[in-house]
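Have a look at the sequence and the 3D view first, and then read on.

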Amino acid sequence: MRALGAFALFMLAAVGAAALAGRSTAVSLSAAEREAILSHGPWPLPFAPDPSNRASGDPAAIALGRSLFFDTRLSRDGDRSCASCHDPAKSFTDSRPRSIGIERVDRNAIALANVRLNRWYGWSGASDNLWAQSLRPILDPRELGATAELVRQRLAAGPGFAATYATVFGSEIASDAPEPALVNLSKALAAFQETISSGRTAFDDFRDAFARGDAAAMSRYPMQAQRGLRIFVGKGQCTFCHFGPNFTNGEFDDVGVRHFAAKGRVDRGRYGGIAALQDSRFNLLGPYNDDAQKGTAAKTSHVEQLHRNWGEFRVPSLRNVADTAPYMHDGSLQTLQDVVRHYSEVDVERLHGDDGQRLIRPLRLSASEAADLVEFLRTLSGEIAYSK
Amino acid sequence: MRFLTIALFALSAAALAVPSASACRAANEGFVHLASPEAEIAYRLQADQLKVGQFFAVEVVVCRTPGTDAVRAVLVDAQMPAHGHGMNYRPTMTEIEPGHFRVSGLMLHMPGKWRMTFDLLQGDRHIRLTQEMNLKP
């Protein structure tokens, strides 16, 4: 059966390529390129509850999380919320190079669409689950700067909140200890964020048409984007890291972006992220994981801090990438053109890897190739939906 | 999610696939035999299909080694020679019974050509067998 399935897939890809050729386009695809294109779908991916979070997928928890996401009582000074840096009107980012909480932080606000699909959270992967990542900025003195006790007291005093909390978590917020209460609130925040998802895109329509050999449907995808797609899966080698339906392999890489957060201060990237993860009592090996089997904790058990992790940052999803400028962990690149130029001219002397990393090399794209690649990236945007 | 298949397309110069040894686990149990002039193992990947970014385990049975000392450990690792990097995770080994090991926590995070290495530790001896595989997207 497996062999038959593989054969059918090959035939579909071949038909798709033939259809492309039949349109007398400039785009011809190798077998590897066809395979890579098909690997970027189908989309969307089905929802699967997070076993570490008993609130995941619970409508009451999602509603609670949605209200908390916009609730300024989660900040020390009562003036900021999650949405301040993850604004739904800005594709759940803030359009700033680096976000501003109580202070300006070192990193760009990562877009939240499809966040439920992540393996690691944050630019350095300092969290291995979404509820721990949701809790972190509440306590970070540079971001919302609150404490578990402050948040618990404020929310417990609010009209009707205690009843909602009790409905979702089966306990009284006034009698829960501050830290478990904050973890519960973070699990509700995570349940809401799991609903934030990108809709289908022009690329998805093309990819599915390609899979079924539908030349008419394929012809609706702009030729410039097709050329850019070919660069993406071929010469650009982008698909090694920006892999699969969500256009990320969920891991980390050093792509030659500056690693100084400020003069004389280095952002350690993944190296520091692993250290923070392993020190955190909110990781999946800790007491707040609702999955007694800890079935999703293998990554945390096996992750290893390596010297090459210095200067590595998470490979972000490219879905809706055109809507989430500026780019890179420090927001140092303003436009998609800047990003493509970066990879076209990347300074390998800036790479920190000590193990012969050879994946990142200057692409030396022509002006037209760079424009094609940008056009392809623009076709990865779909309507962002979330529980309202 | 894309399904992926492993194409076991070549062994390293030091290794050579051989027919199943009677002392070893059979191919019909899903084991693949891997041998060099110095040693032979049988291994079985513990995943229905290997996928990019999916954790998997490998079961290793030692079939033949030089001398009489028992193999005390089997270390399994993987590298992408073309990219110059290995895995991001450190596998852990457990001995199921003498000469029979399970190594878990392996994850191949990119499509492409990977080289898996099986290092057998026997007394002071260190024997390496390698297997190349093409992890498709």
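## Aromatic rings

Rings of Phe, Tyr and Trp (its six-membered ring) are taken as a pair if their centres lie within 6.5 Å. By that rule, there are 19 aromatic pairs over all chains. Keep in mind that this is a predicted model.

Let's zoom in on one of the pairs, A:F232 with A:F376. The ring centres are 5.0 Å apart and the planes sit at 50 degrees, so the pair counts as tilted. A:F232 belongs to helix α11 (residues 223-233) of chain A and A:F376 to helix α15 of chain A, so the pair ties together parts that are 144 residues apart in sequence.

Elsewhere, ring pairs join up into a cluster, whose members are A:F69, A:F70, A:F92, A:F192 and A:Y386.

## A helix and its neighbour

Now for helix α14 of chain A, which covers residues 336-344. Its buried residues are A:L336, A:V339, A:V340, A:H342 and A:S344. If you're wondering about the spacing, an α-helix has 3.6 residues a turn, so residues three or four places apart point the same way.

What do the buried residues of α14(A) pack against? They pack against α15 (367-378) of chain A.

## Where chain A meets chain B

Next up is the interface. In chain A, 33 residues are in contact with 28 residues of chain B. The size of an interface is often given as the accessible area lost when the parts come together. Between chain A and chain B, the buried area is about 2,500 Å², and carbon and sulfur atoms give 55% of it.

How many salt bridges are there between chain A and chain B? The count is 1. A:E304 forms a salt bridge with B:R90, and their closest N and O atoms are 3.9 Å apart.

On the side of chain A that touches chain B, α1 (2-22), α2 (31-38) and α13 (298-302) of chain A each supply at least two residues. The largest share comes from α13(A), with 4 residues. Sorted by class, that side of chain A has 14 nonpolar, 8 polar and 11 charged residues.

Key: Residues numbered from 1 in each chain as written. Chains lettered and ligands numbered in written order. Predicted model: local features only at pLDDT ≥ 70, side-chain atom pairs only at ≥ 80, totals over all residues. Heavy atoms only, no water. Buried < 20%, exposed > 50% of the residue type's maximum accessible area, 1.4 Å probe, protein only. Contact = heavy atoms within 4.5 Å. Buried area = accessible area lost by both parts, 1.4 Å probe. Salt bridge = Lys/Arg side-chain N within 4 Å of Asp/Glu carboxyl O. Nonpolar A, V, L, I, M, F, W, Y, C, P; charged D, E, K, R; others polar. Phe/Tyr/Trp six-rings, centres within 6.5 Å; stacked < 30°, edge-to-face > 60°.
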